Amino acid sequence: MEYIRKIFEDKILVALGAIWAFIYQLCFPEASYAVGALAVLGIMALDLLTKLFALSRQSGGIIKAVRKHCINSKSFARGTMDKLIVFAVMLLICGLAYRISPISDIAVWFTQMVYALMFFRDLLSIAENLNDAGIDTGAFKKIIKRKQKEVLGDIDGEESDKQ
């Protein structure tokens, strides 16, 4: 009993643990959700690294890019926070969709589509960053754009119709 009492002695830690357990259960009702989310987070991190690489390559080195303010914490923080907020919202939507769906397979399919779209969006961004760095990504970029068109349809055509 003394061991149990000591575990619950730090009320802040217990509260944070309870909050994390609630969020985890809400966002990741199945193990595949967590694996997909980690894949998307990994590709987001790789996107950030390739952006840093491209900016440093365009400026003649990372130190020169920082001195020229091509790389600064404010712009990276803003872009990264925007992506993380969208990611968190999508995690919640997918977790809640699982809860309301009468057939769990439909919710799992929906979540896989959401994660795949986020993954392909960042993959295309990585190809563009590498292209900006002077690395030819010709076939790779074409394949990603083709896959994106298969899943989403012709977005560029719809955008040009609106303008």
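This is a predicted model: local features need pLDDT of at least 70, side-chain atom pairs count only at pLDDT 80 or more; totals for chains, interfaces and linings use all residues.
Let me begin with helix α3, which has 29 residues and reaches 43 Å from its first C-alpha to its last, close to the 42 Å expected at 1.5 Å a residue; the expected span is 1.5 Å times one less than the number of residues, and helices here are DSSP runs of H or I with at least four residues, numbered from the N terminus. Residues are numbered from 1 along each chain as its sequence is written, and side-chain values use heavy atoms, with hydrogens and water left out.

After α3 comes Gly60, whose phi is positive, near 90°. Within α3 we find Ser56, which is buried at a relative accessible area of 11%; buried means under 20%, exposed over 50%, and partly exposed in between, using a 1.4 Å probe and protein chains only. Leaving aside neighbours within four places in sequence, Ser56 is in contact, meaning heavy atoms within 4.5 Å, with Gly61, Ile62, Ala65 and Ile71.

Now to the charged residues, where a salt bridge is a side-chain nitrogen of Lys or Arg within 4 Å of a carboxyl oxygen of Asp or Glu, and where the count by this rule comes to three. Asp47 pairs with Lys83, with the closest N and O atoms 2.2 Å apart, and this pair links helix α3 to helix α5 across 36 residues. Lys83 also forms a salt bridge with Asp122, at 2.7 Å, and here helix α5 is linked to helix α6, the two residues being 39 apart. Asp122 in turn meets Arg121 at 3.7 Å, N to O. Through shared partners, Asp47, Lys83, Arg121 and Asp122 are joined into one network. How exposed is Lys83 within it? Lys83 counts as partly exposed at 24%, whereas Asp47 is buried at 5% and Asp122 is buried at 1%.

Finally, the nonpolar cores, each a set of buried Ala, Val, Leu, Ile, Met, Phe, Trp, Tyr and Cys residues joined through side-chain atoms within 4.5 Å. The largest has 16 residues, of which Phe28, Tyr33, Phe87, Leu91 and Tyr115 touch the most other members, and α3, α5 and α6 each supply at least two of its residues. Apart from this core lies another, of six residues, among them Ile43, Leu123, Ile126 and Ile144.
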